[in-house]
Amino acid sequence: MLRYFTAGESHGETLVAFLSGMPARLEIDQAFVDRELWRRQQGFGRGGRMKIERDSAHIVSGVRHGKTIGSPIAILIANKDWKNWQEILPVEAGDPEKHKRVASPRPGHADLAGALKYNFPEARYVLERASARESTSRVALGAIAKLFLRRLGIEVLSHVIAVGKAALGNAEVPWEKLQELHAKSEVLLNCADAQAEERMKAEVDQALRTGDSVGGVFEVVAHGVPPGLGTYAQWDERLDGMLAQAVMSLQAVKAVEIGTGVGSALSFGAAVHDEIGYSAGQASAFTGFTRASNHAGGIEGGVSNGEDILVRGYLKPISTLRRPLGSVDFATREPVKAAYERSDVCVVPAAGVAGEAMVALTLAKCALEKFGGDSLEETLRNYEGYRQQLKRF
Ligand SMILES: Cc1cc2nc3c(=O)[nH]c(=O)nc-3n(C[C@H](O)[C@H](O)[C@H](O)COP(=O)(O)O)c2cc1C
């Protein structure tokens with residue numbers, strides 16, 4: 001069973017990521033893991049923090065001589081900013097004079113709810129863990145899940161389909177185009193259409209000018225997924241439900257859509273269901289069944305159907321504003337402006353990368369549940385048997 005946890009504070013010494021259940025003998029490409037971490041740090045509208053950090057995964061267990069050995073994988077990702085925070089946020093008692101309070105909770109952030117829950121007089125410790133710096137650990141784990149999925153012929157990528165009011169007209173982007181986007185060494189807003197990307201940039205520019213922030217929508221695409229992952233047999237084993245929780249759990253994601261689910265809810269059935277055909281000659285990678293469209297986003301009945309899996313994450317605008325909204329001082333209860341701490345203004349491309357990680361981890365978990373295997377060879381053998389069964393269907 002694939003299980004994973006993360007630990008670490010935003011300005012602590014290091015982030016920690018833990019993954020257990022990955023089969024032995026999977027090759028780990030360290031450069032690939034670090035590139036995924038780099039991708040999470042990119043995008044127009046990121047704050048100063050991303051200029052300080054240059055994330056790198058320091059794998060300390062579970063991988064030997066370049067391959068997994070079946071034991072739990074632990075990864076450390078150092079916070080370069082720690083050198084400036086050692087006295088502000090020490091593990092030991094330290095000097096209270098040096099602490100850096102978050103004196104007035106930010107509307108939209110976890111500050112107030114977290115302080116009430118954990119009985120903190122102010123929100124420093126809340127911010128430290130609620131911060132999306134945590135998603136770095138998930139991206140490191142997701143990279144390992146991607147390396148595993150790749151061996152099954154499955155790839156996971158993302159693109160941005162809206163920033164604020166600027167949206168990609170036709171969100172049906174060919175897989176090859178996504179690969180091109182992924183290969184770029186510079187990321188603006190990770191949009192497949194240059195004109196739409198310029199309009200998206202203008203939205204971010206406006207937010208930068210006015211001390212505001214802006215949200216948007218990313219789409220994660222999983223390519224090469226066989227039919228049969230997830231099941232309708234039990235409510236918590238449905239693939240759509242698992243993906244929804246995985247992506248919704250990312251900071252600032254407030255809605256998750258599978259395929260064109262939202263638009264489909266406002267349409268007639270004949271316009272949205274994906275007609276089925278059969279062509280033995282032009283068989284897909286798995287079967288001879290074909291689809292005229294993919295509004296379902298590759299999942300029907302909680303089961304993957306062999307089409308690309310499409311998962312969209314809807315992000316609210318960042319809640320730390322340079323022109324802060326009204327709040328209350330934790331100590332005096334007097335009305336004040338909400339706290340401001342160096343912040344991103346738009347994070348949709350980065351959230352897409354974190355979304356990829358969550359989708360990859362979910363698919364890897366489902367694939368391991370279906371095919372099992374303590375070693376990669378065993379998993380691949382079982383998978384090949386299933387592929388033969390599909391071919392013979
Ligand atoms: C990649 C990424 C980066 C983020 N950066 C910031 C940031 O710099 N400042 C901020 O206030 N919120 C940022 N957020 C969003 C907050 O972490 C999030 O709004 C907060 O934890 C409250 O959680 P919720 O929005 O899910 O309710 C970021 C989110 C993501 C996905």
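Q: Which helices each supply at least two residues of the lining of the largest cavity?

A: The model is predicted. Rolling a probe the size of a water molecule over the atoms shows where empty space is left. In this structure, α1 (30–40), α6 (175–183) and α11 (348–371) each give at least two residues to the lining of the largest cavity. The residues that line it are Arg-35, Trp-38, Arg-39, Leu-181, His-182, Lys-184, Val-187, Asn-190, Pro-349, Ala-350 and Val-353.

Q: What volume does the largest cavity have, and how does its lining divide by class?

A: The volume of the largest cavity is about 90 Å³. Its lining comprises 6 nonpolar, 2 polar and 3 charged residues.

Q: How many cavities of 30 Å³ or more does a search of the whole structure find?

A: The search finds 4. The second largest cavity holds about 50 Å³ of space. Around this second largest cavity lie Asp-212, Thr-320, Leu-321, Arg-322, Tyr-340, Ser-343, Asp-344 and Val-345 as its lining. By class, that lining has 3 nonpolar, 2 polar and 3 charged residues.

Q: Which space is taken by the ligand?

A: A pocket is an open set of points, whereas a probe in a cavity cannot get out. Here the ligand takes the space of the largest pocket. That pocket has a volume of about 880 Å³. It is lined by 44 residues, and His-109, Ser-131, Ala-132, Arg-133 and Asp-344 are the closest to its centre. Two or more lining residues come from each of α2 (49–52), α4 (124–130), α5 (135–151), β10 (253–258) and α11. The largest share, 3 residues, is from α11.

Q: How do the residues of the lining of the largest pocket divide, and what classes does the shell around the ligand have?

A: The pocket lining has 18 nonpolar, 14 polar and 12 charged residues. For the shell around the ligand, the counts are 7 nonpolar, 6 polar and 5 charged.

Q: Which residues around the ligand come nearest?

A: There are 18 residues around the ligand, and those that come nearest are Ala-252, Lys-316, Thr-320, Ser-343 and Asp-344. Polar contacts can then be read pair by pair, with a cut-off of 3.5 Å between N or O atoms. An N or O atom in the side chain of Lys-316 lies 2.8 Å from a ligand oxygen atom. For Ala-252, a backbone N or O atom is 3.0 Å from an oxygen atom of the ligand. A polar backbone atom of Asp-344 is 2.8 Å from an oxygen atom of the ligand.

Q: How much of the ligand's accessible area does the protein cover?

A: On its own the ligand has 630 Å² of accessible area, and the protein covers 86% of it.

Terms used
Residues numbered from 1 in each chain as written. Predicted model: local features only at pLDDT ≥ 70, side-chain atom pairs only at ≥ 80, totals over all residues. Heavy atoms only, no water. Near = heavy atom within 4 Å. Polar contact = N/O pair within 3.5 Å; in protein donor to acceptor, adjacent residues only side chain to side chain. Areas by Shrake-Rupley, 256 points an atom, 1.4 Å probe, with all protein chains shown as cover. 1 Å grid on protein atoms, 1.4 Å probe; cavity = no way out; pocket = protein on both sides within 12 Å on 5 of 7 lines; lining within 4 Å. Sits in = over half its atoms within 2 Å of the grid points. Nonpolar A, V, L, I, M, F, W, Y, C, P; charged D, E, K, R; others polar. Points joined across faces, edges and corners; volume = space filled by probe spheres on them. Helix = DSSP H or I, 4+ residues; strand = E, 2+ residues; numbered from the N terminus.
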